[in-house]
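This briefing goes with the sequence and structure shown below.

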Amino acid sequence: MPNAPITRVEAAQATLTSDDGTLIGAFLARPEKPSGAGVLVLPDNRGLSGFYQELVVRLAELGHTAVAIDYYARTAGTDYRDRPGSFADMATLMPNHLARLTSEGLSADMSAGVERLRESCHAVVSLGFCIGGRFAFDTAVPRFGLDGVIGLYGFPGELNGTPGPVRLAHLMTAPVLALWGGGDENIPPAMVAAFDDALTAAGVEHEFVTYPDAPHGFFDHRLPGFADASADAWRRITRFISAAQEAAAK
């Protein structure tokens, strides 16, 4: 994640109150010199790990207030700090937490993050990775009132009987930036093309970028060998956020 910091940051663990009254764990970073843009960070299926806390801080250093939410507060409590190691074990994560996520709960929790950002930001964008990328695409619908959504390698097809972004594209209104790995075996090119076509048919402003040979998760600095793709993705992400902020300010 390049870009030199332009402002000091105050960052800390936070608690949000979801629409249904549930307390949700989060990590919030506020810049000393705010740009006016806010970013809702949606982690991968391992949840709110240190990588996403670092990302929230980097966004805030560029002036963007940012909050990452914890999907698993409803099943594992609000203190996510001691979880990353155990949550890397899919045999534990899937039945006890991941499989127990609900569309209603996720929607309420993401709304809580958006509402927190709206307290101080006039433009709000979602930014998600893996399963969080899929969730980010879902936030392009009017209910969330976002100024843009960014999804990295978010599965756009039907998943476990749940309609994906391809089928929901006709409901979307927010501009979409989608970044894909050309070597991602989980998301075939035909599925990416189907989502592209669906957004085009719906008249949704969007940009798709595929990095040849890059695997699923290429943006994570723990995955060596894809620094160029990661750096280009970061440039596109920050440019998209700034454009959304400028458009909202007009």
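How many salt bridges does the count come to? In this predicted model, the count comes to 14 salt bridges. Side chains of opposite charge can pair when their charged atoms come close. The points below take some of these pairs in turn, then helix α8, then the overall fold.

**Salt bridges**

- Arg-74 and Asp-20 meet through their side chains in a salt bridge, with an N to O distance of 2.9 Å. Arg-74 belongs to helix α2 (residues 73-76), while Asp-20 sits in the loop between β1 (9-17) and β2 (23-31), so this pair ties together parts of the chain that are 54 residues apart in sequence.
- Both partners of that pair are partly exposed: Arg-74 has a relative accessible area of 34%, and Asp-20 has a relative accessibility of 48%.
- Arg-58 forms a salt bridge with Glu-61, and their closest N and O atoms are 3.5 Å apart. Both residues lie in helix α1 (residues 50-61); because they are 3 residues apart there, about one helical turn separates them.
- In this second pair, Arg-58 is partly exposed at 28% relative accessibility, whereas Glu-61 is buried, with a relative accessible area of 17%. The cut-off for buried is under 20% relative accessible area.
- Glu-158 and Arg-167 are joined by a salt bridge between their side chains, at 3.3 Å from N to O. Glu-158 is partly exposed, its relative accessible area being 48%.
- A network of salt bridges links four residues: Glu-207, Asp-232, Arg-235 and Arg-236.

**Helix α8**

- Helix α8 runs over residues 189-202, which is 14 residues. At 1.5 Å a residue the helix should span 20 Å, and its end C-alpha atoms are 20 Å apart, so the two values agree.
- Which residues of α8 are buried? They are Met-191, Val-192, Phe-195, Ala-198 and Leu-199. These residues cover an arc of only 125 degrees around the axis, and therefore lie on the same side of α8.
- The other side of α8 carries exposed residues, namely Pro-189, Ala-190, Asp-197, Thr-200 and Ala-201.
- Gly-203 follows α8 and has a positive phi, near 75 degrees.

**The chain as a whole**

- What does the secondary structure of the chain come to? The chain has 9 helices and 8 strands. Its radius of gyration is 17 Å, close to the 18 Å that the globule rule gives for 250 residues, so the chain is as compact as a globular protein of that length.
- Taken along the principal axes, the box filled by the C-alpha atoms is roughly 45 × 40 × 40 Å.
- Of the 250 residues, 54% count as buried.
- When contacts between residues at least 6 apart in sequence are considered, 73% of them join residues at least 24 apart.
- The chain exposes about 10800 Å², and carbon and sulfur atoms supply 51% of that area.

Terms used: Residues numbered from 1 in each chain as written. Predicted model: local features only at pLDDT ≥ 70, side-chain atom pairs only at ≥ 80, totals over all residues. Heavy atoms only, no water. Helix = DSSP H or I, 4+ residues; strand = E, 2+ residues; numbered from the N terminus. Buried < 20%, exposed > 50% of the residue type's maximum accessible area, 1.4 Å probe, protein only. Expected span 1.5 Å × (residues − 1). Arc of directions from axis to C-beta. Rg over C-alpha atoms; globule rule 2.2 N^0.38 Å. Contact = heavy atoms within 4.5 Å. Areas by Shrake-Rupley, 256 points an atom, 1.4 Å probe, with all protein chains shown as cover.
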